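Please read the following walk through one protein model with its coordinates open beside the text.

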Amino acid sequence: MTEQLGNPTLENLLTETRAFPPSPELAAQANAQPEIYDRASTDRLGFWAEQARSLLTWSTPFTEVLDFSDAPRARWFGDGQLNATYNAVDRHVEAGNGDRVAILFEGEPGDTRSITYAELQREVSRAANALGTLGVTTGDRVAIYLPMIPEAVIAMLACARIGATHSVVFGGFSAEALFSRIIDADAKVVITSDGGYRRGRASALKPAVDEALAKGETTVTNVLVVRRTGQEVDWTAGRDIWWDDALAAEPDTHLPVPVDAEHPLFILYTSGTTGKPKGILHTTGGYLTQCAYTHLNVFDLKPETDVYWCTADIGWVTGHSYVTYGPLINGATQLLYEGTPDTPHKGRWWELVQKYGVTILYTAPTAIRTCMKWGEDVPDQFDLSSLRILGSVGEPINPEAWMWYRRVIGADRTPIVDTWWQTETGAIMISPLPGVTATKPGSAQVPLPGIVADIWNDAGEPVGKGGGGYLVLPEPWPAMLRGIWGDEQRFKDTYWARFPGIYFAGDGAKYDDDGDIWLLGRVDDVMNVSGHRLSTTEIESALVSHPSVAEAAVVGASDDTTGQAVVAFVILRGEAVGRADEVGEGSDVVAELRNHVAKQIGPIAKPRSILVVAELPKTRSGKIMRRLLRDVAEHRPVGDVTTLADNSVMDLISSGLNAAPAAD
Ligand code: WTA
């Protein structure tokens, strides 16, 4: 299991002694006070019931808290009813906060929009009515394929308002990936846009939807198209409808539909160890409870005064829980930014922090490392004094990046919350609490109050302080996934079989001598590139679907900026071998294969380098030894080759290759 250790390495974590206690001022006014841990552990279910009652408004109050008799599928607050959008929007208007800004939008070109809760209520109501007019009802699925614009949030809330289950597909995914997700979920409507702004230009989105829907028979009856860039779009009469036209035709009031607590709120596809992405299913009551609770306590949110900014795209779970649901349920004011951090200049994020007076920033280690590379004189040009809490998510944050984040962005003053969780957990599970925890560079530290996490060895025994092994979640939690869409068996096999009946997260972890948890990266064939999960098998399948490729093996190699990078080894087929100018990088066929992967999955999956090889290292039983390939990709001497069927293979690979990264 030590094969895929990410950052930090075991060596540096064992010597970490720095700790940053909260300031007395923060401790005194923080939402979370130290006794919350005791309260939660004394009566865990009572604690969650209290959170569910105090943070959400229920149309039918629940009496049951947890029913795990049908394990591993849990029911939380099972006899209660509520509506997610009512909780995220309407009740704030009813409470007299309709004029509070919900979304401060900044487009990449610099266009802005400010949307109050009252405006959001009207807009979401129109959108919900429009979906109803298209025949979408409670229980249907809607695919959302949009850039980071307010309509993305509005579309999600419109679905939730009528009890339709949304499936957001990241706008950077290919037509192929969109098609397979539409098919898997039997989506009835797709909500997209003409395009979005990315790196200074309008980039089209609608053509990918057209291409996806042309790939085969689907259940899609309509495509709603938001006008964002004004680009020319192909139009399928009868199927395609402009979002603006559809909304303009509808009233701006709509009664939210109360649904059962266990009603499916969304499906979100994520990479697993096999080629086919898994549709992670989340339901309503438990998910929203934990989103609201974590957002309030981990970020110490004060809805009246904070300006919160989570930089994640809504195509990922972080965008679901900490852009759409958590912040809006809590009545926060948040910034939504469409573009990249370096357009039109490398100080764009910090300029936005200054412009909007952002107080809470939640981002990913890869972004922090990128900013480190650009130099601290970039953020130093801006006034970042409004910031008071900094968050990190998506991959282990190395202590150097953590310290830089605190010192340069947080003026050596702001607590950093390193939050560990997954698409499957739905919400934050392990994190310090600002105002309570003395934070430690590089460690996510402790399970949140109400959450049980532990580290076990191969035999399923707790390792205790100072020990390392597998991260497990021994007790159910409210926002836990309720299954894999349409594949109950895969749900059981993937998460509940490694240690029978216990949730295994797929991450390696270690306790330090204080009992703080350090995450060490995935122990399976899932890579983490810039905080995005990619499956080695999925990329291998994409490669072998190309006619020139006979065989492919993909590994995640450490990368200073992106955490891991995709490195592929391919064996070409007959005539393609002749087309590669020389064995190795830089040939036309390599460029073609990199583009092929981008087309099959999306640009984020594009290998950093593809190495053309004559053989792959295999064991006698035919398993590819990725460990050895990783050694090559990371420029290390190759390790133990004694289990190879033919141990001259590694010599052949190492001698024929120059594994220098092919950047783009
Ligand atoms: C990794 C993103 C270390 C981990 C919310 C997990 C982390 C996977 C952290 C889930 C963190 C996420 N420290 N590792 N703070 N946060 N991870 O589903 O390997 O996109 O299993 O969810 O990211 O990625 P996912």
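The buried residues of helix α21 (residues 626-633) are Arg626, Leu628, Leu629, Arg630, Asp631, Val632 and Ala633, where buried means under 20% relative accessible area, exposed over 50% and partly exposed in between, with a 1.4 Å probe and protein chains only. Helices (H or I, at least four residues) and strands (E, at least two) are DSSP runs, numbered from the N terminus. Because seven of the eight residues of α21 are buried, the helix is largely enclosed by the rest of the structure. This is a predicted model, in which local features need pLDDT of at least 70 and side-chain atom pairs count only at pLDDT 80 or more, while totals for chains, interfaces and linings use all residues. Residues are numbered from 1 along each chain as its sequence is written, and side-chain values use heavy atoms, with hydrogens and water left out.

What follows α21 can be traced residue by residue. Glu634 is found in the loop between α21 and α22 (649-656), and, not counting residues up to four places away in sequence, Glu634 touches Gly556, Ala557 and Ser558, contact meaning heavy atoms within 4.5 Å. Just after α21, His635 takes a positive phi of about 60°.

The next element to consider is an open sheet of eight strands, with the order β12-β11-β8-β6-β7-β14-β15-β23 and mixed pairing; two strands pair if DSSP finds at least two bridges between them. Its edge strands are β12 (240-242) and β23 (483-484), each of which pairs on one side only. Within this sheet, β6 and β8 run parallel and are joined by four bridges, and Ile144 stands opposite Ile191 in β8.

Helix α8 (residues 175-185) has as its buried residues Ala175, Ala177, Leu178, Phe179, Arg181, Ile182 and Ala185. The cover over these residues includes β6 (141-145), β8 (189-193), α9 (206-213), β14 (264-270) and α20 (588-600). After α8 comes Asp186, whose phi is positive, near 50°.

Strand β7 (residues 165-168) contains His166, which counts as buried because its relative accessible area is 0%. Not counting residues up to four places away in sequence, the contacts of His166 are Val142, Ile144, Met156, Cys159, Leu265, Phe266, Ile267, His320 and Tyr325.

Which residues line the largest cavity? They are Asn83, Ala84, Cys159, Ala160, Gly163, Ala164, Val259, His263, Pro264, Leu265 and Thr284. The elements that give two or more residues to this lining are α7 (150-162) and β14. On a 1 Å grid over the protein atoms alone, a cavity is a set of points where a 1.4 Å probe fits but cannot get out, and lining residues have an atom within 4 Å of a point. The volume of the largest cavity is about 50 Å³, a volume being the space filled by probe spheres set on the points, with grid points joined across faces, edges and corners. A search of the whole structure finds three cavities of 30 Å³ or more.

The cysteines raise a separate point, since the structure holds zero disulfides, a disulfide being a pair of cysteine sulfur atoms within 2.5 Å. The sulfur of Cys159 is 17 Å from the closest cysteine sulfur, in Cys291, and is therefore too far away for a bond. Cys310 is likewise in no disulfide, the nearest cysteine sulfur, that of Cys291, being 11 Å away. Cys159 counts as buried at 0% relative accessibility, and Cys310 counts as buried at 3%.

Elsewhere, strand β19 (residues 389-393) runs parallel to β20 (residues 416-419), joined by four bridges, and the bridge partner of Gly391 in β20 is Val417. Both faces of β20 are covered, with Ile416 and Asp418 buried on one side and Val417 and Thr419 buried on the other.

Four strands form a further open sheet in the order β21-β22-β24-β25, with antiparallel pairing. At its edges stand β21 (454-456) and β25 (517-522), each with a single partner strand, so one side of each is left without a neighbour in the sheet. Strand β21 pairs with β22 (residues 468-473) in the antiparallel sense over three bridges, and Trp456 stands opposite Tyr470 in β22.

Key. On a 1 Å grid over the protein atoms alone, a cavity is a set of points where a 1.4 Å probe fits but cannot get out, and a pocket is an open set with protein on both sides within 12 Å along at least five of seven lines; lining residues have an atom within 4 Å of a point.
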